[in-house]
2 protein chains.
Amino acid sequence: MQVVPPALDRLIENLSRLPGIGRKTATRLALNILRRPAAQAIELAASLTALHSAIQLCSCCFTFSESDPCAICADPKRNGEIVCVVEQPGDLMAVEKTGSYRGHYHILHGVLSPLDGIGPEEIKVRELLARVASGAVREVLIATSSTVPGEATASYLIDRLQGAPILLTRLACGIPMGMDIKYADKHTLAKAIEGRATAR
Amino acid sequence: MQVVPPALDRLIENLSRLPGIGRKTATRLALNILRRPAAQAIELAASLTALHSAIQLCSCCFTFSESDPCAICADPKRNGEIVCVVEQPGDLMAVEKTGSYRGHYHILHGVLSPLDGIGPEEIKVRELLARVASGAVREVLIATSSTVPGEATASYLIDRLQGAPILLTRLACGIPMGMDIKYADKHTLAKAIEGRATAR
Ligand SMILES: [Zn+2]
Ligand SMILES: [Zn+2]
C-alpha cells in the first residue's frame, strides 16, 4: 500500500539528504510545503536551480561569489596585505558580521583530516602558499576552528609558513574550545580578532 | 558590502521560511547544498516543482494523493464502514505505520481554533457529516490529537454526530496528553487503536 504519494516521497527523500534533517523532519517539512501555495515551492525550487550556475569560487580567496574576483578582493578600501585563513565561506560570513576585520580572506574549503583521506592537496593550501610567495601578503591570520582538526590544520600551516617573511598570527583565546567559529557570537569573535597573537 | 552572494541569499531566505528553520540553520543548509554537486540541488528543485501539480486531495477522504480516489479509498480489501478522523495527512501516515487499522480515513485539514478564525467551515467537517449522512459509515473513530484544540475539535464532532445511527469511538488513552499523534511511537499508537473506547 502506497500511503505516501510518490511525488511527496521523492521530496521527503531529497530533503532527508540534507545535514541534520532526518526522515521525520523531512516529512514534516514536505507536508508543510505541500500545504502552502505552489508558488512558494516553485520559488524555492528556482533558487535551488539557479544556485550552482550563479555562484563560483573567487580565484583569489576561493569564497563563493557571483563575480570573480569577489566583492571583498575587488574592494580598494580593504587591506590586501593581511589575509585571514578560514575553513569555509560560512566562517568568512561570521568574521564579516563582527565588522572588526578589513583585510582579505583565504578559504581552505576544509580541514586536514588524514583518517578521512583529506590531506593538504584536498584543501586550498597550495594556493595559500602561492599567495604568500607572491610577496603581496604581510600578515596571515589563521582563523581555523578550535576543534582538533582545526588546530591540526593551523599547526600544519604555521609549519609550512615558518620561513616566510610575514607576520603569522592566530585568533586570540576567547573562543570556547570545541566551538566552530561559525557559531561564536559576534562580540566574542570581535574580541578574538582584536586580541590576536603571534603564532610563533 | 555584499558578503553573501545574492543567489545564495535568495536560497537562505526561502529555506528560512520553512517551519523550524531559522536564519542560521538555513545558511548552514544552503552552504551545504552549494558544496555538493549541482545535480543534487537540481533534483531537490525538480521534486519541489513537481509536488503540487502531482498531488491533489482525494475527493472522498481528503488525504494527499496522486490518484482520486486515493489508494486507501480505492482498496477493496479495506473496510469503508469505519472512518478514522484525523487532523492532517501526516496523522494518516502515522496510523498506517502501526499496521493496526484497516478502515478508511477522513482528513479534517486542521482543528477548530476560534482565536485563529478557524471554525467548522474552515476544516472538512461538512464533508464528514455528509459521509455519515450517506449511510455508508457504521463507525467513526475520532483520532484528533490530545491537545487543547484537538480535544475541542473531538468534542465538537461528537456533539454534531450525537444523533447519527453510528458507533462513535475515540482512540484509547495511552497517548500522553499534549502530544501530537504524529510524534507518538507506533506501538503506543497501535495500543491506542486496539483499546479505543465508545465516545458516548
Ligand atoms: Zn575573493
Ligand atoms: Zn481517499
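These notebook entries record what I looked up in a predicted model with chains A and B.

**Conventions.** I number residues from 1 along each chain as its sequence is written, and chains are lettered from A in the order in which they are written. Local features need pLDDT of at least 70, side-chain atom pairs count only at pLDDT 80 or more, totals for chains, interfaces and linings use all residues, and side-chain values use heavy atoms, with hydrogens and water left out.

**Symmetry.** I began with how the two chains are related. Two copies of a chain are related by a rotation about an axis and a shift along it. Here, a rotation of 180 degrees with 0.0 Å of shift along its axis places chain A on chain B, with an RMSD of 0.1 Å (least squares on the C-alpha atoms of residues with pLDDT of at least 70 in both copies). The two copies are thus related as by a two-fold rotation axis. I then looked for the residue of chain A that comes closest to this axis and found Ala45(A), its C-alpha at 2.0 Å.

**Interface.** I next looked up the contacts (heavy atoms within 4.5 Å). On chain A, 58 residues are in contact with 58 residues of chain B. Of the interface residues of chain A, 100% are also interface residues in chain B, so the copies meet through the same surface. For buried area I used the accessible area (1.4 Å probe) that two parts lose on being put together, summed over both. The two chains bury about 5400 Å² between them, 73% of it on carbon and sulfur atoms. In chain A, Leu34(A), Leu48(A) and His52(A) lose the most area to chain B, together 12% of what that side buries.

**Salt bridges.** I searched for salt bridges (a side-chain nitrogen of Lys or Arg within 4 Å of a carboxyl oxygen of Asp or Glu). Two were found across the interface. I noted the one in which Arg10(B) meets Glu43(A), at 3.0 Å from N to O. The largest share of the side of chain A that touches chain B comes from α3(A), with 14 residues (helices are DSSP runs of H or I, at least four residues, and strands are runs of E, at least two, numbered from the N terminus).

**Backbone.** Lastly, I checked the peptide bonds. A cis bond joins Asp68(A) and Pro69(A), with omega about 0 degrees; Pro69(A) is in the loop between β2 and α4 of chain A. In chain B, a cis bond joins Asp68(B) and Pro69(B), with omega about 5 degrees.
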